[in-house]
Amino acid sequence: MDVDRLNLPSDGDGPVFKEPWEAEAFALALGLHERGLFTWTEWADALAEEIARAQGAGDPDQGDTYYQHWLAALERLVQAKGVVSETELTERRDAWERAAHSTPHGQPVILKP
Amino acid sequence: MSHDNDDHGHDHRSSDNHWSELTLRVKALESLLVEKKLVEPAALDAFIDTYETKIGPRNGARVIARAWSDPAYKARLLTDASAAIAEFGYTGRQGEDMVVLENSAKVHNLVVCTLCSCYPWPVLGLPPVWYKAAPYRARAVREPRAVLAEFGVTLGGDVEVRVWDSTAELRYLVLPERPAGSEDLSETELGLLVTRDAMIGTGLALPVASLSKRGCP
């Protein structure tokens with residue numbers, strides 16, 4: 001394990017989110033916690049489990065995939081809580097993909113009922 | 001296969017937005033949760049704004065500078081860190097308790113979260129990438145002196161290194177040693193010497209000489 005792989009910060013703090021989806025996934029967990037869907041300990045456990053699973057599957061886990069694990073933990077936890085089903089998630093994902101493809105650039109992507 | 005055309009069989013017209021898989025998954029989850037009234041879009045935006053722009057290591061730096069300049073505050077901070085930090089209005093949403101670890105000439109404290117990335121958000125904002133990475137999480141416990149050396153911190157052999165593993169309920173903040181020659185500095189100036197890494201334990205407070213290099217009037 002060499003220094004470069006540790007990805008040491010050279011100076012200040014940099015952006016805390018690399019892409020908008022990371023910030024959105026982050027906020028969803030906070031919102032659901034505030035709503036009382038899970039305790040913060042439950043959340044930390046789910047996240048730790050997801051990180052261990054990803055490491056087991058070969059993720060070098062350099063910190064850059066952190067919010068992917070965050071999102072996966074969130075998806076699993078809401079399903080475990082019976083709030084959202086896997087089918088709902090899959091169907092909705094496909095619906096967003098169709099909507100994104102059929103929307104001209106520069107216009108907001110809207111999901112039609 | 002023909003190389004005459006460059007569209008690779010995929011038509012990139014202007015009406016084709018390509019969202020990443022992760023974006024699609026977040027959008028799916030978010031829209032379902034909003035429909036089920038479990039989250040509110042305005043509240044989500046507020047969380048993002050707060051953590052992206054309003055909370056950062058400067059909060060923690062103010063706490064440390066106060067502790068350096070006010071012995072009574074320092075005593076409160078070391079006795080009941082959550083309450084002393086709340087005097088600044090910095091409180092956690094996750095119900096975690098804060099513990100402040102004081103560095104000295106004999107003891108250097110280093111904070112890690114071995115399992116995920118528990119971090120004192122209210123005082124430090126969100127963690128840097130390396131804090132979330134497996135090498136730091138594993139090596140900080142196994143070989144803290146080697147990790148510290150990579151961060152540029154070399155400690156004498158007589159300094160004891162203590163490593164603290166954060167949890168969902170318990171978060172740590174390191175109170176670095178006050179830099180030599182800082183007796184005449186104001187609390188605001190002292191705050192400028194406190195870095196994020198110094199409060200995690202992967203750094204030391206900056207020397208007083210670094211203030212003049214900032215070119216402040």
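## Lining of the largest cavity

In this predicted model, the residues that line the largest cavity divide into 11 nonpolar, one polar and one charged. The lining is made up of 13 residues, and those nearest the centre of the cavity are Trp40(A), Tyr66(A), Ser117(B), Cys118(B) and Trp121(B). Two elements of chain A, helix 3 (40-56) and helix 4 (66-80), are those that give two or more residues to this lining, and helix 3 of chain A gives the most, with four residues.

The space in the largest cavity comes to about 90 Å³, and a search of the whole structure finds one cavity of 30 Å³ or more.

## Contact between the chains

Chain A brings 60 residues to the contact and chain B brings 53 residues, while the area buried between chain A and chain B is about 5,600 Å², with carbon and sulfur atoms giving 66% of that area.

Between chain A and chain B there are 12 residue pairs in polar contact, counted where both residues are at pLDDT 80 or more. Helix 1 (3-6), helix 2 (20-34), helix 3, helix 4 and helix 5 (86-101) of chain A each supply at least two residues of the side that touches chain B, and the largest share of that side, 12 residues, comes from helix 2 of chain A. Sorted by class, the side of chain A that touches chain B has 35 nonpolar, 13 polar and 12 charged residues.

## Salt bridges

Six salt bridges are counted between chain A and chain B. Arg25(B) forms a salt bridge with Glu75(A), in which the closest N and O atoms are 2.8 Å apart.

Technical notes:
Residues numbered from 1 in each chain as written. Chains lettered and ligands numbered in written order. Predicted model: local features only at pLDDT ≥ 70, side-chain atom pairs only at ≥ 80, totals over all residues. Heavy atoms only, no water. 1 Å grid on protein atoms, 1.4 Å probe; cavity = no way out; pocket = protein on both sides within 12 Å on 5 of 7 lines; lining within 4 Å. Points joined across faces, edges and corners; volume = space filled by probe spheres on them. Nonpolar A, V, L, I, M, F, W, Y, C, P; charged D, E, K, R; others polar. Contact = heavy atoms within 4.5 Å. Buried area = accessible area lost by both parts, 1.4 Å probe. Salt bridge = Lys/Arg side-chain N within 4 Å of Asp/Glu carboxyl O. Polar contact = N/O pair within 3.5 Å; in protein donor to acceptor, adjacent residues only side chain to side chain.
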